[in-house]
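This briefing goes through the strand arrangement of the structure shown below, and then turns to its nonpolar core.

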Amino acid sequence: MQLKKLLIIFVLLFVLTFTKTALAQSVSKVYDGDTITVNSNQKIRLSCIDAPELSQKPYGQLAKAELAKLLPVDSAITIVLTDQKPDRYGRFLALVYNKE
């Protein structure tokens, strides 16, 4: 019985920890292979993505072009912040879902 209670508490804590607010936005700019700006003028860095920098030719430009294909300007997206504080560059880390 006690094991069952511990399991229920664990599941509840897990769900509460990973429940995030989803925000509907649209893409206003693709900066590079892992950073976009949304219609609220906020920079978003894609969580779990580590793309080459633009200066790392030719791969930085290729990464940006591929992200622009996946998330074209004005496309509707949903973002889920994975960190509530911006990084040292003022970007918020988030999961990004294309609504298509």
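**Strand pairing and core**

β2 and β3 are joined by three bridges and pair in the antiparallel sense, and within this pairing I36 has I44 of β3 as its bridge partner. The model is a predicted one, and the points below place this pair in its wider setting.

Barrel
- A closed barrel of five strands runs in the order β1-β2-β3-β5-β4, with mixed pairing, and the twist from one strand to the next averages 55°.
- Helix α2, which spans residues 59-70, lies across β1, β2, β3 and β5 and runs at about 145° to β1.

Strand β4 and its partners
- β1 and β4 run antiparallel and are joined by five bridges, with Q25 standing opposite I77 in β4.
- β4 and β5 also run antiparallel, again joined by five bridges, and here V80 stands opposite L95 in β5.
- β4 is mostly covered, since five of its six residues are buried.

Nonpolar core
- The largest nonpolar core has 13 residues, of which V27, I36, I44, L67, L71 and I77 touch the most other members.
- The elements that give two or more residues to this core are β1 (22-32), β2 (35-38), β3 (43-46), β4 (76-81) and β5 (92-98), and β4 gives the most, with three residues.
- When its neighbours within four places in sequence are left aside, L71 is in contact with V27, V30, I36, I77, V96 and N98.

Conventions:
Residues numbered from 1 in each chain as written. Predicted model: local features only at pLDDT ≥ 70, side-chain atom pairs only at ≥ 80, totals over all residues. Heavy atoms only, no water. Core = buried A, V, L, I, M, F, W, Y, C linked by side-chain atoms within 4.5 Å. Buried < 20%, exposed > 50% of the residue type's maximum accessible area, 1.4 Å probe, protein only. Helix = DSSP H or I, 4+ residues; strand = E, 2+ residues; numbered from the N terminus. Contact = heavy atoms within 4.5 Å. Pairing = 2+ DSSP bridges. Axes fitted to C-alpha atoms, helices over the stretch in contact; angles between N-to-C directions.
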